[in-house]
Amino acid sequence: MAEPTGEGKPKISDHESELEVAAFSEFQKAEYPQCLQTLVKLQKTQDSNPKVIHNRAVAEFYISDLRRYDLFRKTMIQITELVGEIHTVNVKHPELAAAYVNQAIVLYHFRQPLGALKIMLAVMAHFDQLDDYLLRKAGIFTDILSSDDEEERPQLDNESRKDISEIQFEEFRKEFRLILIRSNLLNGKKNFIIPCEDTAEFSILKGHQYYLGNDYQMAAKELAKRFVNEPVRVATHGEDQNTCLANNMGLIHFAVKHYALAARFFQQSLLFDQSATENASTEKVEGSPLHCVGATKRPEILYNHGITLLYLQKPKEAFECLLVVLNSYHNNPRLWLRLAECCIMVHQQSQKEQLKNMTQVVLQRRKYLRKQPFNAEDQSAAIPSTTLEFASLCLRNAVTLIEFHSGELAKQAEAADKPGPWDKAYEGVPCNPSQPLKAASLEKLKIATLSAFSYVQLCLGDYTLALKYAQETLAIADLPETHQTLATMYCGEALVMMDRVPEALVYLDPKHMAHLKGEDFVTRGSPNWAVNSLEAAQAVMHYNFAVTLFALGDYEKAKVYMEACAVHPVVLPHLKMLKMYAELVFGNTDKVKLMVRYDAPHLI
């Protein structure tokens with residue numbers, strides 16, 4: 001609530017001044033009905049005064065137990081004239097700074113922290129013009145930041161006589177201390193002392209510090225403590241302690257690659273969150289206190305759970321989790337990529353199931369391999385499902401977002417040498433619920449997205465787009481060896497399917513792999529990816545080159561490359577089929593029968 005008008009403000013009568021002082025005093029004593037009555041009297045003579053309108057809205061908001069925030073927000077918007085998405089904020093009347101601060105608080109609880117931050121930065125630009133009440137609040141910030149003395153201040157012997165402002169100061173000091181520690185941890189600073197208090201707040205921060213230092217055992221031990229403080233609940237604090245603890249334990253187990261245990265903790269965290277918020281509705285409807293709006297952590301936990309399920313090779317379950325998260329974080333390019341990866345993994349798993357019966361199918365009837373024309377009308381990509389069509393849509397969105405943010409990063413890089421205010425610094429690409437992406441991370445994300453996009457287009461039969469995105473991947477500087485190999489093979493396959501076989505031979509020539517060191521295949525390769533060494537990659541490239549030579553009719557040269565990759569198990573099943581094809585080409589049907597009888601006698 002704004003303080004009564006002081007010197008330098010428009011003149012008012014003595015009676016109106018007394019009403020202002022009385023209303024402010026009643027508000028400070030939490031006598032909100034009496035405060036509202038006083039403001040109603042004051043508004044009869046100052047019905048157009050925005051400060052009186054603001055103070056009445058605050059009093060009514062407190063009388064409703066912070067539940068009628070829709071009306072409160074409407075009044076704040078009427079005063080500040082900040083409607084819709086906030087881009088720039090200009091505080092025209094510093095004496096109304098309290099209205100801007102209150103609107104920022106509402107935006108924060110509505111999960112719009114960026115808009116709230118813009119408002120607060122604009123308010124703090126008029127620090128020297130704030131009224132006394134807001135200035136005292138700002139003075140608390142100054143005192144905490146400038147004081148290195150951690151000793152307790154002298155207190156009265158009788159605790160009941162302690163001044164209420166001093167109690168509020170101590171509570172705010174503790175809260176600000178927790179926020180300052182958390183800010184340091186989020187900025188990657190881990191070499192500082194956190195007080196050893198057996199409370200949930202400090203133990204969670206201590207566990208975060210151990211987590212950043214890769215000491216996961218101590219982090220889990222810190223979170224498993226018995227806390228001396230009262231449990232943090234949504235009804236009183238706006239968040240749930242057990243939800244946070246279970247989620248953090250899941251992150252610790254995920255970091256040590258115990259994905260099954262991590263998934264169990266995330267499931268437990270979801271149950272805690274549901275239990276904590278089922279009585280206090282978290283939707284933007286009247287009936288819940290303001291601090292309960294946005295209290296649910298369900299989107300963030302589902303994001304963690306979805307990524308864990310993806311690592312557990314459960315793409316359908318992961319897709320369902322991440323699809324819910326998409327409603328809250330649709331501007332996250334990494335999330336779109338993860339959804340596409342779910343679709344790709346479902347496709348690959350179905351392909352493996354089909355390959356189990358390939359030999360039987362071939363024996364039952366003659367099967368011809370032919371390219372499939374691209375048909376975008378087979379299934380609508382707009383329907384969210386684990387299909388390659390929807391994967392293509394997801395990757396298109398991811399590429400669009402990456403291109404947009406790449407341009408923003410380029411502009412910031414040009415202006416990096418010029419000194420500027422700290423609040424104008426560009427911290428990276430917003431990637432909620434993850435941390436912002438820096439330029440290097442965005443480049444890695446672009447490489448992964450383009451590679452996946454090329455693969456999906458190959459599977460869908462759109463070879464022109466597949467070639468385009470594979471070539472764009474190869475054009476990126478300092479391309480990792482794994483993605484370089486994949487992009488090269490995608491280019492070759494797309495050209496083969498477009499009947500441009502001579503051009504494909506240029507990409508698939510194994511000589512291009514002579515300069516590769518092979519370390520990248522070990523460090524970046526997934527445990528479920530067979531090509532996890534340089535030898536495996538070379539064998540695959542030799543095999544693809546041999547297949548392409550067969551397509552050209554150069555059988556003798558193709559046999560040479562077949563022999564070069566015959567020793568590696570990653571291509572052995574495919575090589576047997578290629579050998580059968582070669583013998584059939586030369587008319588050696590009896591030899592093919594012997595090969596089938598040797599490899600699959602139960603089918604003869």
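Mentor: E81 is exposed, because its relative accessible area of 57% lies over the 50% cut-off. The model is a predicted one, and in it E81 has a positive phi of about 60 degrees although it is not a glycine. The residue sits in the loop between α4 and α5 (97–109). As background, most residues other than glycine have a negative phi, and most peptide bonds are trans.

A positive phi is also found at L66, which is likewise not a glycine; the value there is near 60 degrees. L66 belongs to the loop between α3 (50–63) and α4 (69–80). With a relative accessibility of 24%, L66 counts as partly exposed, because this value falls between the 20% and 50% limits.

The peptide bond deserves attention at N432 and P433, which are joined in the cis form with omega at about 5 degrees. P433 lies in the loop between α18 (388–414) and α19 (439–460).

Helix α12 (residues 241–255) packs with helix α13 (residues 259–277) at an angle of about 165 degrees, and their axes are 8 Å apart. The angle is over 145 degrees, so α12 is roughly antiparallel to α13. Their crossing is left-handed.

Terms used:
Residues are numbered from 1 along each chain as its sequence is written. This is a predicted model: local features need pLDDT of at least 70, side-chain atom pairs count only at pLDDT 80 or more; totals for chains, interfaces and linings use all residues. Side-chain values use heavy atoms; hydrogens and water are left out. Axes are lines fitted to C-alpha atoms, for helices over the stretch in contact, and angles run from 0 to 180 degrees between N-to-C directions. Helices (H or I, at least four residues) and strands (E, at least two) are DSSP runs, numbered from the N terminus. Angles under 35 degrees count as roughly parallel, over 145 as roughly antiparallel, 65 to 115 as roughly perpendicular and the rest as oblique. A crossing is left-handed if the near helix is turned anticlockwise from the far one by less than a right angle, and right-handed if clockwise. Buried means under 20% relative accessible area, exposed over 50%, partly exposed in between (1.4 Å probe, protein chains only).
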